[in-house]
Amino acid sequence: MTETHPMFGEDKLNYDNHDISLLRKDLDEAPASGNNIHELACSIRGDCLVKNNLNDSETRTIEQNKLKHAEQKVATR
């Protein structure tokens with residue numbers, strides 16, 4: 001985990017080392033149980049960022065917490 005690329009999940013916006021260890025364990029066990037969690041990925045188009053106000057047009061950066069909340073919302077559907 002780094003400050004520039006913090007890990008997050010359904011209930012937390014920033015994973016600590018313990019959370020990351022649990023995630024790694026789940027990812028390591030997933031293929032053996034037939035779970036495809038290790039294959040999931042999120043892709044976000046630029047127009048989606050603008051439409052949902054997830055970026056800061058002045059600094060040309062993505063609002064990280066807004067993006068995390070949006071991804072959490074999509075993942076729970």
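Predicted model: local features only at pLDDT ≥ 70, side-chain atom pairs only at ≥ 80, totals over all residues.
Helices here are DSSP runs of H or I with at least four residues, and strands are runs of E with at least two, numbered from the N terminus. With that settled, I read the pattern along the sequence as α-α-β-β-α. That comes to three helices and two strands.

Whole chain next. I looked up burial and got 14% of the 77 residues counted as buried. The accessible surface is about 6500 Å², and carbon and sulfur atoms own 49% of that. I also checked contacts with a separation of 6 or more: residues 24 or more positions apart account for 35% of them.

Then D19. Where does D19 sit? I found D19 in helix α1, which covers residues 17–33. Buried or exposed? I got a relative accessible area of 15% for D19, and the cut-off for buried is under 20%, so D19 counts as buried. Who touches D19, if I skip residues up to four places away in sequence? I noted K12 and N14.

Last stop, K73. I placed K73 in helix α3, residues 64–75. K73 has 56% relative accessibility, and exposed means over 50%, so K73 goes down as exposed.

How values were computed:
Residues numbered from 1 in each chain as written. Heavy atoms only, no water. Buried < 20%, exposed > 50% of the residue type's maximum accessible area, 1.4 Å probe, protein only. Contact = heavy atoms within 4.5 Å. Areas by Shrake-Rupley, 256 points an atom, 1.4 Å probe, with all protein chains shown as cover.
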